[in-house]
Amino acid sequence: MNAGERLTDANFPAHPEKATLEGKNKFLGFWLFLGGETVLFATLFGTYLGLRNMHLDGPSGEELFSLPLVFLATMLLLTSSLTSVYAVLSLKQNKVRSLQGWFLVTLLLGLGFLGLEIYEFIHYVHEGHTFTSSAFGSAFYTLVGFHGAHVLFGILWITTLLARNWNRGITLSNAPKYYLFALYWHFVDVVWVFIFTVVYLMGKVG
Amino acid sequence: MANHTQNPETTVHRHEEIQRKLALKEERKHHNVSFVMMILLTIVAFFAIWSDKISDSFAVLFILTLAVVQVFFQLYVWMHLSHKGHDFPIWGMASGILVAAITVASLMGLIWTS
């Protein structure tokens, strides 16, 4: 069977994302990538934890952070993680319209999160907390900004993936792509759980 | 009435399909439970800090533990690490997490001692 052929309910495999060798390779390769990303974020977390109290004359985290705003952002991202797993459930049932719907909701929630983060950063810059204001500033923007860049990348990824495959149904070629995007999105949420805890909550207790 | 008698092959196929539907239903339930748990863990962590009633050092340990629990929900339920055929990903992530822990500890140590 051609990998680009639209799957029907009759020939739908149990694991469309791993039904071809290419899909299997993508699956393994992507998990290795996520293991590497974990280490990459660890370097940023380690640096931030070491430098978080060195704010010089600028405001400290305790003075800056607004927990309700961050809490709202956390809820948006957490819900978007759920909607992306719903999309994967639709994928397993060959329901392409429902898959597209759930990924669109994921996309909107991701945009909402990014909007809140941009608003937050602009607010901090006005408070005198910039990338160059102190070691705390540099470490903060590197860590949180790098996560934000991951969200932005995810938004671009799912937008192009949906647009390119809009009328193609679910195929053996695009099933691994949808599946891996969902993995990526969950991973971005995993990192955020630690940013919420380590940067914001721990920032409030000094 | 002839069309009521099913050949064995379609019966097996139907049986498999019902099994699969049930498994997916179960999976959806796990995803929902996991979502509610993660929301609750986030709220608990938030209030542990917001209420200011718990001593700082205990609160830090407490919220870090909650974060680790949440990550396990994400990895095992939402990212399907609990499913069959995930030995390689588990090893990949476990080694990533191990190196990550060493990295965080050594970077913090390096900055503190300098």
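Predicted model: local features only at pLDDT ≥ 70, side-chain atom pairs only at ≥ 80, totals over all residues.

Me: What share of the residues in chain A is buried?

Reply: A residue is buried if 20 or more other C-beta atoms lie within 10 Å of its own, exposed if 12 or fewer, and partly exposed in between, with C-beta atoms placed from the backbone. Of the 206 residues in chain A, 45% are buried. Contacts are a further guide: two residues are in contact if their C-beta atoms, placed from the backbone, lie within 7 Å. Among contacts in chain A between residues at least 6 apart in sequence, 82% join residues at least 24 apart.

Me: Which residues of the largest nonpolar core touch the most other members?

Reply: A nonpolar core is a set of buried Ala, Val, Leu, Ile, Met, Phe, Trp, Tyr and Cys residues joined through C-beta atoms within 7 Å. The largest one here has 76 residues, and those touching the most other members are A:Phe45, A:Tyr48, A:Ala87, A:Leu143 and A:Ala182. Elements of both chains give two or more residues to this core, among them helix H1 (21-51) of chain A and helix H2 (56-78) of chain B. H6(A) supplies the largest share of this core, 21 residues.

Me: Which domains does the assignment give for chain B?

Reply: Domain bounds come from an automatic or database domain assignment. For chain B, that assignment gives domain 1 (2-83) and domain 2 (84-114). Their centres, taken over C-alpha atoms, are separated by 24 Å. The contact between them takes 4 residues from domain 1 of chain B and 6 residues from domain 2 of chain B.

Me: How many residues does each chain give to the contact between chain A and chain B?

Reply: The contact takes 38 residues from chain A and 38 residues from chain B. On the side of chain A, the elements that give two or more residues are H1, H3 and H6 of chain A. H1(A) gives the largest share of that side, 16 residues. For the make-up of a contact, Ala, Val, Leu, Ile, Met, Phe, Trp, Tyr, Cys and Pro count as nonpolar, Asp, Glu, Lys and Arg as charged, and the others, Gly among them, as polar. The side of chain A that touches chain B divides into 22 nonpolar, 13 polar and 3 charged residues.

Me: At what angle do H6(A) and H2(B) pack?

Reply: Axes are lines fitted to C-alpha atoms, for helices over the stretch in contact, and angles run from 0 to 180 degrees between N-to-C directions. H6(A) and H2(B) pack at about 175°, with their axes 10 Å apart. That makes H6(A) roughly antiparallel to H2(B); angles under 35 degrees count as roughly parallel, over 145 as roughly antiparallel, 65 to 115 as roughly perpendicular and the rest as oblique. The residues that meet include A:Phe194 and A:Leu201 in H6(A), and B:Ile63 and B:Trp78 in H2(B). This contact divides into 13 nonpolar, 4 polar and 2 charged residues.

Me: Is A:Tyr179 buried or exposed?

Reply: A:Tyr179, found in helix H6 of chain A, counts as buried, with 23 C-beta neighbours inside 10 Å. Leaving aside neighbours within four places in sequence, A:Tyr179 is in contact with A:Glu17, A:Val88 and A:Leu91. A:Tyr179 and A:Gly23 are 156 residues apart in sequence and 9.7 Å apart in space, C-alpha to C-alpha.

Me: Where is A:Leu56 placed?

Reply: A:Leu56 is in the loop between H1 and helix H2 (61-64) of chain A. Its phi is near 50°, a positive value in a residue other than glycine. A:Leu56 is exposed, with 10 other C-beta atoms within 10 Å.

How values were computed. Residues numbered from 1 in each chain as written. Chains lettered and ligands numbered in written order. Helix = DSSP H or I, 4+ residues; strand = E, 2+ residues; numbered from the N terminus.
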